[in-house]
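Here is a short tour of a protein model for someone meeting it for the first time. Have a look at the structure, then read on for its links, one of its sheets and its charged pairs.

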Amino acid sequence: MDWSTTLAILISVAIFHPPHLAFSSTTFILRPPSNNSNRHTMFLPLSLSPPNTSLSPSAVKSRRHLQISDSPQPNARMPLHDDLLRNGYYTTRLLIGSPPQKFALIVDTGSTVTYVPCSTCEQCGKHQDPRFQPELSSTYKPVKCNIDCQCDSDRVQCVYERQYAEMSSSSGVLGNDVISFGDQSELTPQRANFGCENLETGDLYSQHADGIMGLGRGDLSIVDQLVDKGVISDSFSLCYGGMDVGGGAMVLGGISAPADMVFTHSNPVRSPYYNIELRELHVAGKRLSLSPGVFDGKHGSVLDSGTTYAYLPEAAFSAFKEAILKELHSLKQIHGPDPNYNDICFSGAGSDVAELSKAFPTVDMVFENNQKFSLSPENYLFRHSKVRGAYCLGVFQNGKDPTTLLGGIVVRNTFVTYDREHEKIGFWKTNCSELWERLNVTGAPPPEPSAENRPNSTTVVPPAMAPTGPSHNIIPGEQKVGRITFYLSVNVTYSKLKPYMKELAQIMAKELEINVSQVQLINFKSEGNNSLTRWAIFPAGSASYFSNATAMGIVSKLSEQRVSLPKTFGSYQFSRWSAEPPTKWMWLQRHNIVVVVAIIVTLALSLLAFATWFIWRRRQQTVNAYKPVGAVVPEQELQPL
């Protein structure tokens, strides 16, 4: 065994850390001690790069626009889904094969291989999407055994194996097929190698996401393969949404950097992971009394999109914690959400993320070129799950290991460019939930996908039926969404569609992962063989508005045409979705049936009461009718006293 390339060094990680930093199949894994366990424990494999590895204040709602790079290569612009703390990862959608099969893959800069569960898998968990079926793809090819890969026992096909720090693993065969990046990307489908899983264990088996999209440096990395083909420049970017928002954007390929983007050198020779040259930390404008070399131990400061929190060497963590505590005069230190872990938490800051900077200090990262990048409180805090208005430090001590590990929490609402071509990484503070809109607006509109890439989802809507009004393309992070509306056009006449409206609502509810009671038809119109329906989605139960994560999830599925209907509905298209704030009239619309029934019952009771009163009144008038003088009346029997 070549220990220079296989020795793994252990460092700390968060409880929600997804499986991402991979060991080679021959790597020796050291298990953590069973006593004094800490949930914030992660194991980062540190090894020489493979021989064939390519080595070349709160969220600011800025209206500045990112411009497409002057480079002639196009780029793939893809939305991110899920949430860093709620799900433990971010995912993007990748399509593989002809016709394309869709997968939700964890975006991971610490992994160098992309893989999905295969239909032949003997031990794979139940994930978000069906397994990849090579036999259904007309463009699939197995990667045959060669000198540059590990081969199966029969020396017929290349295989891969990855073992992860939390003792999960993935293994399977290597295949080659057409990779598509979604309708909103200007990058055309490309052939690429990927892993077709036949076995997965641990967290990989139980996670909701289908697999991993490797963005690290290596021959099997999606980035390296696209760069080697010359279809994109050697760069990619990620932008993670803010606290409670989730989502974000991703770009494969280059863009021209904003003028005020802060860069730091990233040395590709030092490790296969993305490192930055961090020299100082400032808290509330005051430099921590630390040697600059404290952030340069072992592999220095590693930036990893797959890790949840941040981990500092012992001396740096102690100084950071002390400096933070000195600045929190008005807050009360409390116990963490889990008594098994010694989290550092504070109450009294309020629930508004935009107001956190009034209670918590700004933290500055200073790089080797004296460039300074400021972190908002959401870049080092996470919400206390049991106490409203309380927050905990998302920065932990990295055991006795001197490596600095900066996870996704550090780059919330930050556009991070991994410029591998120029060996640097750039940081730009922005609102990542709005970035996707700006990327679409500023760039040329992406080409319409071919029919084979958009099966059964292209309806030509007659001009007279086209929905009017503004189309909202983003939900601002601070806005409460009380209703989401959208149009659905189908090439079926309404007379034929009407009997299936209840079924249609049930299908859409299932696709959007909501209750059917939340889906309501607002109106419709029909012309020729086409019908245009307008639908509304309301919050679940008695809630008056959606959580941002739920709203973003619904909107992303609608905007990306990821709501699939059976073939019986013909061709169809979802369009013109709109996210609206809560109003008092929405309750009436949402409960229109209840309101109508209540009105009918009220009217019926009123009519019944009126009829009863009218009959009683008539009887009284009959009994006490006026009798003229001399009129003959029956003799009344006298009652005894």
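A quick word on burial before we start: a residue is called buried under 20% relative accessible area, exposed over 50%, and partly exposed in between, using a 1.4 Å probe and protein chains only.

## Ground rules

This is a predicted model, so to speak of a local feature we need pLDDT of at least 70, side-chain atom pairs count only at pLDDT 80 or more, and totals for chains, interfaces and linings use all residues. Residues are numbered from 1 along each chain as its sequence is written, and side-chain values use heavy atoms, with hydrogens and water left out.

Helices (H or I, at least four residues) and strands (E, at least two) are DSSP runs, numbered from the N terminus.

## Disulfides

A disulfide is a covalent bond between the sulfur atoms of two cysteines. The cut-off used here is a pair of cysteine sulfur atoms within 2.5 Å. Searching the whole structure turns up six disulfides. Count the bonded cysteines along the protein chain and the pattern reads 1-8, 2-3, 4-6, 5-7, 9-12, 10-11.

The link of Cys118 and Cys196 is right-handed, with 80° about the S-S bond. Cys118 is buried at a relative accessible area of 2%, and Cys196 is buried too, at 0%.

Next come Cys239 and Cys432, a disulfide with its sulfur atoms 2.0 Å apart. Cys239 belongs to strand E13 (residues 235–240) and Cys432 to helix H5 (residues 432–442), so this pair ties together parts that are 193 residues apart in sequence. Which hand does the disulfide of Cys239 and Cys432 have? The torsion about its S-S bond is about -75°, so the disulfide is left-handed. Cys239 has a relative accessible area of 0%, so it is buried; Cys432 counts as buried as well, at 1% relative accessibility.

Cys345 and Cys392 also form a disulfide, with sulfur atoms 2.1 Å apart. Here the two ends are 47 residues apart, linking distant parts of the chain: Cys345 is in strand E23 (residues 345–347) and Cys392 in strand E27 (residues 391–393). With 100° about the S-S bond, the link of Cys345 and Cys392 is right-handed. Cys345 counts as buried at 0% relative accessibility, and Cys392 does too, at 0%.

Now for a sheet. Two strands pair if DSSP finds at least two bridges between them. Six strands make up an open sheet with antiparallel pairing, in the order E3-E14-E13-E30-E31-E16. Strand E3 (76–80) and strand E16 (262–265) are the edge strands, each pairing on one side only. On average, neighbouring strands of this sheet are turned by 15° against each other, direction ignored. For that angle, axes are lines fitted to C-alpha atoms (for helices, over the stretch in contact), and angles run from 0 to 180 degrees between N-to-C directions.

Take the E16 end of the sheet. E16 and strand E31 (residues 424–429) run antiparallel and are joined by four bridges. In this region, Phe263 stands opposite Gly426 in E31.

## Salt bridges

A salt bridge is a side-chain nitrogen of Lys or Arg within 4 Å of a carboxyl oxygen of Asp or Glu. By this rule, the count is 13 salt bridges. One of them joins Arg420 and Asp224, with the closest N and O atoms 3.1 Å apart. Arg420 is in the loop between strand E30 (414–419) and E31, and Asp224 is in helix H3 (residues 222–229), so to say, distant parts of the chain 196 residues apart. Arg420 is buried, with a relative accessible area of 3%, and Asp224 counts as buried at 1%.

Arg483 and Glu580 meet in another salt bridge (2.7 Å, N to O). Arg483 is in strand E32 (residues 483–490) and Glu580 in strand E35 (residues 572–580), 97 residues apart. Arg483 counts as buried at 9% relative accessibility, as does Glu580 at 17%. Salt bridges that share partners also join Asp224, Asp234 and Arg420 into one network.
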